[in-house]
Amino acid sequence: MKFRYSDCSIEQLHQEIGKLKEQAQKAEQLGNISEMQICERKMQVALAYTMSPDDFEKEKIYQLKMETGYKFRISYINGVFAWGYRIDLLNEESENIEALPISLLGKKVS
């Protein structure tokens, strides 16, 4: 079934997240790491559509949920993606802008 997450209800998104979680677990059990990572990425994007982009502020810094110690400074928000710069453990900001689903952003640091 082809569909866009933006067209789905919250219930449909939660069903899709559950399916993707099962697929990721099966892929992991079979040792198919790339398939597992694809499912996890899709889960994060689907999860982002269950969240409100208004809860995130540009020019603020947030912890990254999946990368302990790393942070992310938002330059702008486009849909459910935050565009900005990753900040490493030495507090050095990356030179390249990147987009992350808002579901990967944790607590606001500053």
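Biologist: Why is Glu59 called partly exposed?

Modeller: Its relative accessible area in this predicted model is 48%. Buried means under 20% and exposed means over 50%, so Glu59, at 48%, is partly exposed.

Biologist: Where is Glu59 found, and what is its phi?

Modeller: Glu59 is found in the loop between H2 and E1. Its phi is positive, about 65°, although Glu59 is not a glycine. Most residues other than glycine have a negative phi.

Biologist: What about Asn91: what is its phi, and why is Asn91 called exposed?

Modeller: Asn91 also is not a glycine and has a positive phi, of about 60°. You will find Asn91 in the loop between strand E3 (81-87) and E4. Its relative accessible area is 53%. The cut-off for exposed is over 50%, so Asn91 is exposed.

Biologist: Let me step back for a moment. How many helices and strands are there in the chain?

Modeller: There are two helices and five strands. From the N terminus on, the order is α-α-β-β-β-β-β. The C-alpha trace spans about 40 × 30 × 20 Å along its principal axes, and 32% of the 110 residues count as buried.

Biologist: Good, now a residue in a strand. What makes Ser75 buried?

Modeller: Ser75 lies in strand E2, and its relative accessible area is 17%. That is under 20%, so Ser75 counts as buried. Leaving aside neighbours within four places in sequence, Ser75 is in contact with Lys58, Glu59, Trp83, Gly84, Tyr85 and Ile97.

Biologist: And why does Phe56 count as buried?

Modeller: Phe56 has 11% relative accessibility. The limit is under 20%, so Phe56 is buried as well. Phe56 is found in the loop between H2 and E1. Beyond its neighbours within four places in sequence, Phe56 is in contact with Met51, Tyr62, Ile74, Ile77, Ile102 and Leu105. Phe56 and Ile77 are 21 residues apart in sequence, and their C-alpha atoms are 8.1 Å apart in space.

Biologist: Which residues make up the largest nonpolar core?

Modeller: There are 12 residues in all, including Phe56, Tyr62, Leu64, Ile74 and Leu105. Strand E1 (61-64) and strand E2 (71-78) each supply at least two residues of this core. Apart from this core lies another, of seven residues, among them Tyr5, Ile17, Leu20 and Met43. In soluble globular proteins, nonpolar side chains tend to be buried together.

Biologist: What is Leu64 in contact with, leaving aside its neighbours within four places in sequence?

Modeller: Leu64 is in contact with Tyr70, Lys71, Phe72, Arg86, Leu100, Leu104 and Leu105.

Biologist: Now the aromatic rings. How many aromatic pairs are there?

Modeller: The count comes to three aromatic pairs. Here is one of them: Tyr5 and Tyr49.

Biologist: Why is the pair of Tyr5 and Tyr49 called tilted?

Modeller: The ring centres are 6.2 Å apart and the planes are at 55°. Tyr5 lies in the segment before helix H1 (10-29) and Tyr49 in the loop between helix H2 (33-48) and E1, so the pair ties together parts that are 44 residues apart in sequence.

Biologist: Are these two buried or partly exposed?

Modeller: Tyr5, at 16% relative accessibility, counts as buried, while Tyr49, at 30%, counts as partly exposed.

Biologist: What makes the pair of Tyr76 and Trp83 stacked?

Modeller: Their centres are 5.9 Å apart and their planes are at 5°. The cut-off for stacked is under 30 degrees, so the pair of Tyr76 and Trp83 is stacked. Tyr76 is partly exposed, at 37%, and Trp83 is partly exposed too, at 27%.

Biologist: One last topic, the largest pocket. What is its volume, and which residues lie nearest its centre?

Modeller: The volume is about 340 Å³. The lining has 13 residues, and Arg41, Gln44, Met66, Glu67 and Leu104 lie nearest the centre. H2 gives the largest share of the lining, five residues. By class, the lining has six nonpolar, two polar and five charged residues.

Technical notes
Residues are numbered from 1 along each chain as its sequence is written. This is a predicted model: local features need pLDDT of at least 70, side-chain atom pairs count only at pLDDT 80 or more; totals for chains, interfaces and linings use all residues. Side-chain values use heavy atoms; hydrogens and water are left out. A nonpolar core is a set of buried Ala, Val, Leu, Ile, Met, Phe, Trp, Tyr and Cys residues joined through side-chain atoms within 4.5 Å. Buried means under 20% relative accessible area, exposed over 50%, partly exposed in between (1.4 Å probe, protein chains only). Helices (H or I, at least four residues) and strands (E, at least two) are DSSP runs, numbered from the N terminus. Contact means heavy atoms within 4.5 Å. Rings of Phe, Tyr and Trp (its six-membered ring) pair if their centres lie within 6.5 Å; planes under 30 degrees apart count as stacked, over 60 as edge-to-face and the rest as tilted. On a 1 Å grid over the protein atoms alone, a cavity is a set of points where a 1.4 Å probe fits but cannot get out, and a pocket is an open set with protein on both sides within 12 Å along at least five of seven lines; lining residues have an atom within 4 Å of a point. Grid points are joined across faces, edges and corners, and a volume is the space filled by probe spheres set on the points. Ala, Val, Leu, Ile, Met, Phe, Trp, Tyr, Cys and Pro count as nonpolar, Asp, Glu, Lys and Arg as charged, and the others, Gly among them, as polar.
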